[in-house]
Amino acid sequence: MRIAVLMLTATALAGCVVGPDYRKPILAMPAMWSGQKSSKPVKPPQLSKWWQRLRDPQLNALVDEAVAGNLDVATAKAKIREARASYRQSAGTLFPSADGSGSATRNKDSSSTSGGTASDAYSQYQAGFDASWELDLFGANRRKVEAARYGLDASEEELRSTLLTLIGDVASYYAEARGYQARIGLARRAAASQMQTAALTRSMAQAGMSTAADVAKAIGQASSTEADVPTLEAGYAEAVHRLSVLTGRPPAALTERLKRVAPIPTPRLPIPTGIPADILLSRPDVRMAERQYAQYTAKIGQAEAARYPSVSLTGDIDTTAFKVGDLGKNSTIGWSFGPTLSVPVFNGGQLKAAVEVARAQRDQYFIAYRSSVLTALEDVENALVSLRQERIRNSKLASSAKSYGDAARIARTLYKSGETSLLDVLDTERSLYSAEDDLLQSRIAIATDYIALNKALGGGWDGTIETAKPEIVDVKTGPRLASEPMTQ
């Protein structure tokens, strides 16, 4: 009866936990973005597979390949497997544990006293079964399981964050690579046009209408423009190499595949941005920070529970016999069962200090959560401003390039008829090349700003990711002969 009463009391207390319960914090958010004309919420943006709105099949294929082959993604998937195993390991502490044992010994006793006689040798066999169960009166194990569950959630959000960064990097480097191709083509066309001007100047010099100095100036400007090509080629190669590594390949793997020139990706504009609160629901780094804050809140209860008494129920049964066949019948059988109470009496303040450590860690993760929200807002604001201003700049640059193009054509015509100087022609050609190159760089900037905005809003991969399959599949992990060869 006493044992039954004790078990009922322990079961009732098993629903008790200590430490703070986690509550998701509510943070004050701005009502609108800067530059937004109305505070009325607009339709939330469609962030799913945003890169497809760049309308480039090659980019879409590279994103798929990067998701499948990137090493950072593989690391994040391994962390999820680790977190799942840790969660199962923690959950196992809520259940009883049992162990079986057995032994066989050969014994002989001899007397060391005067006149003693030695006994005959005999065999002794023993089998036993032990079981224990910690009742978790104050929720230490349940808080541990709770923390592990939040840790699993955080690892899944870390994978989403890795994918978000990866896809953004792939799209950015792809836009840069196509931009370098366009700029290389422009530099070569401009150099060829300037060489034509140099050839015309040479012909006019032969006719006495120009000087050798003019010829040298024209050739020098064409050579200066040609000198930009190697620098641009190096930038293009670096972008392609980075793309290859991001997809899990050697640096030169994509060189042949991307050799054919393609346009700079152009996003569909305008882009809806949704309300600020959308960030909290979609940005994986914010969600990961919130889950880590929850995890360390649960760890406070785990540390607090260590300051309270703990009760375990233990029991064992064993049997001993002189023959194996007698273990179940003609044997000595013994058993024991009962609770074990452990009360922390004096530990030099270690347990209290452990709680203070857990609270300080919780505070750090709460601050990190708030910081991630502010960073998310800042990222969106910066991307919106950059994209908005770059579109204005692009319009002005397009107008500038058109005007310089007209000026260059007129200057060449006047130069052929002897109505203007070579200096005017060279100046307009140089200005035209600079304006057209700035226009190309602006188009690249619009694409990268669009990519940055989608990253800031939390857009990323929403497809299925297989996380259960390990990178290394072990074989022959069971018992085997030690004589098998081993690879050093």
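Here is what to select at each stop.

Before you click, know that this is a predicted model, where local features need pLDDT of at least 70 and side-chain atom pairs count only at pLDDT 80 or more, while totals for chains, interfaces and linings use all residues. Numbering starts from 1 along each chain as its sequence is written, and side-chain values use heavy atoms, leaving out hydrogens and water.

**Stop one: the surface.** Select Phe 129, Ile 317, Ile 333, Trp 335 and Phe 337, a nonpolar surface patch with about 590 Å² of accessible area together. (Patch residues have over 30% relative accessible area and no salt bridge, with nonpolar side chains joined within 5 Å; a salt bridge puts a Lys or Arg side-chain nitrogen within 4 Å of an Asp or Glu carboxyl oxygen; areas use the Shrake-Rupley method with a 1.4 Å probe.) Strand E4 (residues 332–342) gives the patch its largest share, 3 residues; strands are DSSP runs of at least two residues, helices of at least four. Now zoom in on Trp 335, which sits in E4. Buried or exposed? Trp 335 is exposed, at 67% relative accessible area (exposed is over 50%, buried under 20%).

**Stop two: a helix pair.** Show helix H2 (residues 57–69) and helix H4 (residues 140–206), which pack at about 140° with axes 10 Å apart. (Axes are lines fitted to C-alpha atoms over the stretch in contact, and angles run from 0 to 180 degrees between N-to-C directions.) Among the residues that meet here are Leu 62 and Val 63 from H2, and Leu 166 and Tyr 174 from H4.

**Last stop.** Select Glu 390 in helix H9 (residues 350–416). Glu 390 is buried, at 12% relative accessible area. Leaving aside neighbours within four places in sequence, Glu 390 is in contact (heavy atoms within 4.5 Å) with Ser 442, Ala 445, Ile 446 and Asp 449.

Definitions and conventions. Patches are made of residues with over 30% relative accessible area and no salt bridge: like charges are joined within 9 Å, nonpolar side chains (Val, Leu, Ile, Met, Phe, Trp, Tyr) within 5 Å. Buried means under 20% relative accessible area, exposed over 50%, partly exposed in between (1.4 Å probe, protein chains only).
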